[in-house]
Structures are given as C-alpha cells and as structure tokens.
Amino acid sequence: MKPVSILLSAIVTASATVAETRRQDCPKLHIFGARETTAPPGFGSASTVVNLVQQANGGATSESIVYPAAGGNVYAASVAAGVAAVANQTKIFNQMCPESKIVMVGYSQGAQIVDDAFCGGPDGTSLNSTAASISSGVGKMVAAIILMGNPRHVDGLPFNVGNATAGGFAARPVGFRCPAFEDIIQANCDAEDPFCAKGNSSATHQGYGREYGKDALAFVESKLDSHGVSSNGTNVVVTSEVSALRLDWVYMLLAVGAASVISPY
C-alpha cells in the first residue's frame, strides 16, 4: 500500500475513534476549526473565530480537525490528509446529529483543506478530483465557512474580504467558482500576506483573527439567523483530540511517505 494511502487510512481510523468519545446530545450548532502549518494539535490561530462564535451561541460545541498540519517536503501529503479528515469528521458528526448546523473555520493550511474539501480540486498532488469531498448531508447542514490566509486565494471571488489581488502559493485558477457554497463563505486575505498573496509580512498572515474576527462573527451570525439558529443554552466544548499515540502514528506515517510524496509548492 502506498504511504499516502496508509496515511489517509490512519486519518479515517483516528476520526472513527473521535466519534466514540463524542457526546450524544446534539447541539444546535457545532464549530469545526482547522489550524495552520506547524501549529500544535488544536485550533491554532483559528481559535479566535471559533471562540467568538462559540461564546456568541450558547450550547454550541466545537471540534478541531485532526491532521498533521505539516510543512516542508510533506506539505502536500499533509493537505491530502487534512482534506480527508475534514470529510470524515464532518460526515461522522452529520450521522450523529443531522439536524444540527455547522460552521467551518480554517486558518492558512487549515483554510486550504476546508476550501478543498468543500469546493473540490485539483490541488497539486494533494487532490486530483474536482468534486467536493464532503458528503451531501454535510453540505446541507453547513451554515457558514470562514477562511483566513488561504493559500488557495485568487482575486475576483465574490466572498473575498481584504485588499489582496495577487493569488496565494496554491492559488485557484482565474475564473474559479464554488457555486454550492460561495454564498456562505467569507475569505480574508491582505496584500502583505506571503502565503495567500505575494507579500512579505508574516505578522499580517497571523493577524486575521484580530483584524477580521468581529467581522467574521457578524457574517456567521447573519447566516445562522437565516437558518433560525438562536443563541441560548450553555456552552459545551467537545474537542476531537485523539490520543498522543494516535497522532504519533499519523506523524510517523507522514514521515515514511516523505520520500515519495514531495510538495509541489
């Protein structure tokens, strides 16, 4: 079996383990957050918006996408694993709580995997298919998608927010559209960002939560209002952290695949 196939199999297994620990009482709103490259397991810089949305919606639960978030020569494999994790974790939640609504928050590489999972590829060696990876059930339950510092950024999309006109290092082709979800996406990218644009300011890349967090919250709340999701109840945090041992498996498999899976970026 190819290293990437083994890696994706490990992600599926990890996602299934997560499901075993989830609570069965379903919230009205569940928030998924995907972290940036090299950030430790958890929400990373996506936490700013995840926390804002959760605090504004009593009873909301939250969950981090479990994937390597690796860089360097295994970046492409990490993106592939991340897309699979988004598809699997959202599918599991949909099967458990089909009447709930979900919000997706992705930051940097985390934005790339959310983008790819919902809008399809291709994306270098990470994703060959043009079809969305998420299930039809998930497509019906997602209320809003926030993408910050997305390497797939390309100018001219109706959901872009920020002053960037140059594309990111993994930019979508000119003329790309995501018709199924573009009405519920907000994507932040500024020209000084070296990853979603062609700038040279890492501070800009790390500052979207501070700069656009409240705007992102207002956008999410407007979409939740349209779905009739009210803000009441008590917050319960449900994270999808698998054991350190399982994460070690994933990282070990990613390392094994490094010799044959080289990032094109």
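This is a short talk on one predicted protein model, from its overall layout down to a few individual residues.

Hi everyone, thanks for coming. Please keep in mind throughout that we are looking at a predicted model. Let me begin with the whole chain.

The chain has eight helices and six strands. Reading from the N terminus, the order of elements is α-β-α-β-α-β-α-α-β-β-β-α-α-α. There are 265 residues, and 55% of them count as buried. If we take the contacts with a separation of 6 or more, 77% of them are between residues 24 or more positions apart.

How far can we trust the model? The mean pLDDT of the chain is 86, with 77% of the residues at 70 or more. Two stretches need some caution. Residues 233-252 have a pLDDT below 50, although the model gives this stretch 50 contacts beyond near neighbours in sequence. Residues 255-265 also stay under 50, and there the model has 23 contacts beyond four places in sequence. Where pLDDT is low, the predicted coordinates should not be read in detail.

Next, helix 3, which covers residues 75-96. How many of its 22 residues are buried? The count is 19, so that helix 3 is mostly covered. At 1.5 Å a residue, the 22 residues should span 32 Å, and the end C-alpha atoms are 31 Å apart, which agrees.

Arginine 172 is in the loop between strand 5 (160-161) and strand 6 (185-188), while aspartate 115 belongs to helix 4 (residues 109-119), so the pair links distant parts of the chain, 57 residues apart. Arginine 172 and aspartate 115 are buried.

Move along to aspartate 116, which forms a salt bridge with arginine 152 at 3.1 Å between the closest N and O atoms. Here, too, distant parts of the chain are linked: aspartate 116 sits in helix 4, and arginine 152 in the loop between strand 4 (142-148) and strand 5, 36 residues apart. Both of these residues are buried.

Arginine 172 and aspartate 116 meet in a salt bridge at 3.5 Å, N to O. This pair joins the loop between strand 5 and strand 6 to helix 4, across 56 residues.

What do these pairs belong to? Asp115, Asp116, Asp123, Arg152 and Arg172 are linked in a network of salt bridges.

For contrast, let us turn to aspartate 190, in the loop between strand 6 and helix 6 (202-206).

I will finish with some backbone details. The peptide bond from glycine 121 to proline 122 is cis, with omega near 5°. Proline 122 lies in the loop between helix 4 and helix 5 (136-141).

One is threonine 38, with a phi of about 70°. Its place is the loop between strand 1 (29-34) and helix 2 (47-56). The other is serine 108, at about 60°, in the loop between strand 3 (101-107) and helix 4.

Are these two residues buried or exposed? Threonine 38 counts as exposed because its relative accessibility is 65%, over the 50% cut-off. Serine 108 counts as buried because its relative accessibility is 6%, under the 20% cut-off.

Key: Residues numbered from 1 in each chain as written. Predicted model: local features only at pLDDT ≥ 70, side-chain atom pairs only at ≥ 80, totals over all residues. Heavy atoms only, no water. Helix = DSSP H or I, 4+ residues; strand = E, 2+ residues; numbered from the N terminus. Expected span 1.5 Å × (residues − 1). Buried < 20%, exposed > 50% of the residue type's maximum accessible area, 1.4 Å probe, protein only. Salt bridge = Lys/Arg side-chain N within 4 Å of Asp/Glu carboxyl O. pLDDT = per-residue confidence, 0-100. Contact = heavy atoms within 4.5 Å.
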